[in-house]
Amino acid sequence: NRATQVDPFLRVEITYHDGEQIDIGPDGWTRAIGIILLESLAKENTGVSVQNKILEHFYRGLHKTDSMPPVRTLAARFDSGGVDQGWRSEGAVIPFWYDTQ
C-alpha cells in the first residue's frame with residue numbers, strides 16, 4: 001500500500017511481448033520473448049542514491065546472463081519513469097528470451 005509506505009522499495013514486472021516458431025516440424029521449438037522490469041521507487045524529493053543502490057544490487061545478477069536456464073537475458077537499459085502519486089521511479093529494463101519444445 002503506497003499510502004502507508006515510506007521506505008524505498010523494488011517492484012518487479014515480467015512482460016511477455018512476442019513469441020515465434022524457431023524451427024520446422026510438428027514438435028518444433030518456440031521462443032518466448034519479453035522484458036523484466038526492475039523498478040525502484042522512493043518518495044519524491046528524496047534523491048535517487050538509494051534507488052540506484054537497489055537497482056545495482058538486483059540488475060547485475062539478471063542482465064547479460066544465462067544463469068536461470070532456460071532464460072537468457074541481454075544487457076539492461078535504464079529509464080527514469082518520472083513521478084506518480086508522490087513516488088519517483090528509476091528502472092532497469094532487461095530483455096529476455098527462452099526456447100521450449
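Q: In which strand does Ser89 lie?
A: Ser89 sits in strand β5. Strands here are DSSP runs of E, at least two residues long, and helices are runs of H or I, at least four; both are numbered from the N terminus. This is a predicted model, in which local features need pLDDT of at least 70 and side-chain atom pairs pLDDT 80 or more, while totals for chains, interfaces and linings use all residues. Residues are numbered from 1 along each chain as its sequence is written, and side-chain values use heavy atoms, without hydrogens or water.

Q: Why is Ser89 called buried?
A: The relative accessibility of Ser89 is 8%. Buried means under 20% relative accessible area, exposed means over 50%, and partly exposed is in between, with a 1.4 Å probe and protein chains only. Ser89 therefore counts as buried.

Q: Which residues does Ser89 touch, not counting residues up to four places away in sequence?
A: Among them are Glu39, Ser40, Leu41 and Gln51. Asp79, Ser80, Gly81 and Gly82 also touch Ser89. Contact means heavy atoms within 4.5 Å.

Q: What makes β4 and β5 a strand pair?
A: Two strands pair if DSSP finds at least two bridges between them. Strand β4 (residues 77-84) and β5 have seven, in the antiparallel sense. Phe78 has Ala92 as its bridge partner in β5, and Arg77 stands opposite Val93. The β4-β5 hairpin has two residues between its strands, and Gln85 there takes a positive phi near 55°.

Q: How many bridges join β2 to β5, and how many join β3 to β5?
A: Strand β2 (residues 30-43) is joined to β5 by 14 bridges, antiparallel. Ile36 in this pairing has Ile94 as its partner. Strand β3 (residues 72-73) is joined to β5 by two, also antiparallel. Arg72 stands opposite Trp97.

Q: How many aromatic pairs does a search of the whole structure find?
A: The search finds five. One of them is Tyr16 with Phe96: 5.5 Å centre to centre, 85° between the planes, edge-to-face. Tyr16 is in strand β1 and Phe96 in strand β5 (residues 87-100), 80 residues apart, so the pair links distant parts of the chain. Rings of Phe, Tyr and Trp (its six-membered ring) pair if their centres lie within 6.5 Å; planes under 30 degrees apart count as stacked, over 60 as edge-to-face and the rest as tilted.

Q: Why is Phe96 called buried?
A: Its relative accessible area is 4%, so Phe96 is buried.

Q: Why is the pair of Tyr16 and Tyr98 called edge-to-face?
A: The centres are 6.3 Å apart and the planes stand at 85°, so the pair is edge-to-face. Tyr16 lies in strand β1 and Tyr98 in strand β5, so the pair ties together parts 82 residues apart in sequence. Tyr16, Phe96 and Tyr98 form one aromatic cluster.

Q: What makes the nonpolar surface patch of about 320 Å²?
A: Val12, Ile14 and Tyr16 make it. Patch residues have over 30% relative accessible area and no salt bridge; like charges are joined within 9 Å, nonpolar side chains (Val, Leu, Ile, Met, Phe, Trp, Tyr) within 5 Å. Accessible areas come from the Shrake-Rupley method with a 1.4 Å probe; for residues, only the protein chains shown count as cover. A salt bridge is a side-chain nitrogen of Lys or Arg within 4 Å of a carboxyl oxygen of Asp or Glu.
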